[in-house]
Amino acid sequence: MLQNLHVKNLALIDEAEVDFTPGLNILTGETGAGKSIIIGSVNLALGGKLPKEMIRENASYGLVELTFLIEDERILKELEAMDIFPEDGCLILSRKIVNGRSVSKINAEGVPISKVREAAALLIDIHGQHEHQSLLVRKNHLNILDGYAKNRLQKEKEKLKASYEVYKKIKKKLEEAGTDTAEREREISFLNYEIGEIEDANLMPLEDEQLEKDYRRLLNGQKIMESLTKAHEKTGGNFASASEQISHALRSLSSVAGYDAPLSEFESQLMEIDNLLNDFNREIAEYIADTSFDEETFLKTERRLDDINHLKSKYGRTVEEILASCREKKERLFQLSDYDAWLEKLQKEFQESEEEIRKQSEAVSKIRKEEAKKLAEAIQKELSDLNFPDVSFSMEFRKMDHFTANGFDDAEFLISTNPGEPEKSLEKIASGGELSRVMLAIKTVLADTDAVGTMIFDEIDTGISGRTAQKVSEKMNALGHSHQILCITHLPQIAAMADSHYLIEKSVANQTTISTIRPLEKKESIEELARMLGGVKITDTVLKNAEEMKELAANTKKTSGEL
C-alpha cells in the first residue's frame with residue numbers, strides 16, 4: 001500500500017505531502033489544478049522519463065518520495081531476492097533531480113533506475129489517462145492473456161524460450177552453411193594457416209601473465225639489484241647494519257634481564273626482532289645470488305611477448321581466448337573437410353529443434369486457448385456490470401507462419417456491444433469511453449490474479465457519464481475492497497464513492513502559482529461534489545444533490561458488504 005507521497009519543486013508544486021489510506025482514494029480538482037502533476041510525480045519516482053519542464057522554475061532541485069507499507073509475504077520474498085529489504089515493512093522509493101541528472105534511492109541507498117522499476121512492478125500498477133489506447137495494439141492482447149494465465153504458462157514459456165534459442169542458433173548456422181566448393185577450399189586453406197600459426201607458438205595457459213611479470217622485472221633489473229643490495233647493506237651487510245646493532249642491544253639486555261620481569265619481556269621481544277631480521281637478510285641474500293638480469297634473457301622474453309601480442313591482435317585478448325579460437329577453427333575445419341556429412345547432421349539437428357519448438361508452442365497455445373475462454377468470460381461479466389448489457393467478448397487466435405520466443409500465436413480481442421452484431425476488433429467497434437471501460441474490466445479481472453497492492457487510475461472516466469458513470473463508480477468501489485485504489489476523476493458519481501477524498505487546488509502566492517493537495521472532511525467532500533455537479537455557482541439545491549449522492553454511495557457500500 002502507498003502510505004505517503006512527498007513532492008518538492010516539481011512543476012506547480014512547491015512542496016506537498018499527503019498520506020493515503022486503504023480502499024478507494026479519490027483525487028479531484030478543477031482543470032489545470034495540477035492533478036496530472038501528482039501522477040507524473042509518482043511515475044517519476046518509479047523510474048519514468050524526466051520531462052525538461054518538470055522541475056519548478058528557479059528551483060535548485062526536484063524531489064519525489066513514495067513510502068510503501070508491505071505486508072504480503074510473497075512480495076517481501078521477491079524483494080529480498082532483489083537484495084531489497086524493507087525496514088519494519090516500509091519501503092521508501094525516492095528520486096532527486098539536480099541539473100538535469102537524477103539519483104534514485106531505495107531506503108536511502110542509491111540504486112540504478114532499472115532496479116527501482118523492477119521493485120515498482122511488484123508494488124503499484126498505473127493506468128494512465130491514455131493507456132486504454134494500448135488496447136488498439138493487437139500484440140498487447142496476448143500480453144494481457146499471458147499475464148492472466150501466468151501461473152499455468154510460466155514454466156511452459158520458459159521451456160519455449162529455451163527451445164527457441166536452440167532453434168534460432170541452429171537456423172543461423174544452417175543459413176550460413178551455403179558455400180560453394182571454391183569458397184570452401186579457400187576457407188580450408190586459410191583455417192589451416194591460422195591453426196598452424198597458433199599451434200606453432202606452443203602457447204601455455206596463463207603464459208602471457210607470467211611473461212609480463214618477468215618482463216617488468218627484467219626491464220627494471222638494474223634498479224632492483226641496486227635497491228636490494230643497499231637494503232641488504234643497511235640491515236645485515238656490515239658492522240654498522242641494523243642486524244649488528246640489534247645484536248649489541250640484545251647482549252646488553254640479556255646481561256640485566258634476570259633482575260626484573262619486564263626486562264625479560266623486553267629481551268624476548270628484541271630476540272624475536274633479531275630472528276626476523278636474520279631470516280630477512282638470509283632470504284634477500286639468496287634472492288640476490290639466484291637472480292640474474294642478463295641482456296639475452298631480456299630480449300628473449302621481449303620477443304616471446306611480441307609474438308603472443310601479435311596472436312592476441314588476431315585471435316583473442318588472452319592466451320585462453322587464442323586457444324579457444326584455435327579449437328573453434330579446428331571444429332570448422334573438420335566441418336568443411338567432411339562438409340556433406342556435417343551439413344546432413346546440421347539439417348537433422350535443425351529438424352529436431354524445429355519439432356521441439358513446435359511441440360512447446362503447441363503446449364503454450366493449448367493453455368492460452370483454455371485460459372482465453374475463462375478470461376473472455378470474466379471480462380464479459382465485468383463489462384456487463386459496467387453498463388454493457390448485451391456485450392459479447394472473445395479472443396480470436398491465428399497461427400503465424402514462423403516461430404518466436406513467444407510461440408506461434410497471434411491473438412486479438414473481439415467485441416460486439418449490440419445484440420445481433422458480429423464481433424469485431426476493438427479498433428473497429430469501441431469509442432474512447434468504451435475502451436476505458438474495457439480496460440477497467442481487464443484491470444479488474446487481472447487484479448484477482450495479481451498481488452500488486454496499489455492501482456492508480458488517471459481519469460478512467462474518459463468519455464462516460466450518467467448511468468455508465470454510476471456503474472464505473474460501483475466497480476471502483478468493489479476493486480477497493482481488495483486493493484488500494486488511487487483514482488483521479490472528473491465525475492461526481494465516482495468521487496462520491498471515496499473512502500478518502502483529496503482535493504488538488506491551485507492558488508497564487510507572491511505572484512507565484514502553486515498546486516497543493518489535501519484530504520477533505522465529509523462536509524468539504526460534499527462541497528467538492530457540489531462544485532463538480534454545479535460548476536461555478538453552487539446553490540442549496542446542488543449542495544443537497546451532492547449530499548444525497550454521498551448518501552447513496554454510502555448505501556451502495558453497505559449493500560456491497562463493505563460496512
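**Figure 1. An open sheet of 3 strands runs in the order 9-10-11, with antiparallel pairing.** Strand 9 (392-404) and strand 11 (424-425) are the edge strands, each with a single partner strand, so one side of each has no neighbour in the sheet. Strands here are DSSP runs of E with at least two residues, helices are runs of H or I with at least four residues, and both are numbered from the N terminus. Two strands count as paired if DSSP finds at least two bridges between them. Strand 9 and strand 10 (residues 407-416) are joined in the antiparallel sense over 9 bridges. Look for Phe 397, whose bridge partner in strand 10 is Ala 411.

A word on the model behind every view: it is predicted, local features need pLDDT of at least 70, side-chain atom pairs count only at pLDDT 80 or more, and totals for chains, interfaces and linings use all residues. Residues are numbered from 1 along each chain as its sequence is written, and side-chain values use heavy atoms, with hydrogens and water left out.

**Figure 2. The whole chain has 19 helices and 15 strands.** Its radius of gyration is 38 Å, well over the 24 Å that the globule rule gives for 563 residues, so the chain is more spread out than a compact globule. That radius is taken over C-alpha atoms, and the rule is 2.2 Å times the number of residues to the power 0.38. Along the principal axes, the C-alpha atoms fill a box of roughly 115 × 85 × 45 Å. Of the 563 residues, 42% are buried, where buried means under 20% relative accessible area, exposed means over 50%, and partly exposed lies in between (1.4 Å probe, protein chains only). The accessible surface comes to about 31,200 Å², and 50% of this belongs to carbon and sulfur atoms; such areas come from the Shrake-Rupley method with a 1.4 Å probe, and for residues only the protein chains shown count as cover. Among contacts (heavy atoms within 4.5 Å) between residues at least 6 apart in sequence, 70% join residues at least 24 apart.

**Figure 3. The largest nonpolar core has 54 residues.** Such a core is a set of buried Ala, Val, Leu, Ile, Met, Phe, Trp, Tyr and Cys residues joined through side-chain atoms within 4.5 Å. The residues with the most contacts inside this core are Leu 383, Phe 457, Met 476 and Cys 487. Helix 15 (residues 432-447) gives the most to this core, with 9 residues. Which residues does Met 476 touch, leaving aside those up to four places away in sequence? They are Leu 24, Leu 440, Phe 457, Ile 460, Ile 485 and Cys 487.

**Figure 4. Cysteines: Cys 487 is buried, at 0% relative accessibility.** Cys 90, by contrast, is partly exposed, with a relative accessible area of 23%. If you are planning to look for disulfides (pairs of cysteine sulfur atoms within 2.5 Å), a search of the whole structure finds 0.

**Figure 5. Strand 5 (residues 90-98) pairs in the antiparallel sense with strand 4 (residues 62-69), over 8 bridges.** Here Leu 66 stands opposite Leu 93 of strand 5. Strand 5 also pairs with strand 6 (residues 101-106), in the antiparallel sense over 6 bridges. The bridge partner of Ile 97 in strand 6 is Ser 102. The hairpin of strand 5 and strand 6 has 2 residues between the strands, and Asn 99 in this hairpin takes a positive phi near 55°.

Figure 6. Leu 206 belongs to the loop between helix 6 (181-200) and helix 7 (207-219) and is partly exposed, at 48% relative accessibility.

**Figure 7. Leu 12 lies in the loop between strand 1 (2-10) and strand 2 (13-19).** With a relative accessible area of 25%, Leu 12 is partly exposed. Not counting residues up to four places away in sequence, Leu 12 touches Gly 32, Ile 37, Arg 56, Lys 506, Thr 513, Ile 514 and Ser 515. Between Leu 12 and Met 439 there are 30 Å in space, C-alpha to C-alpha, and the two are 427 residues apart in sequence.
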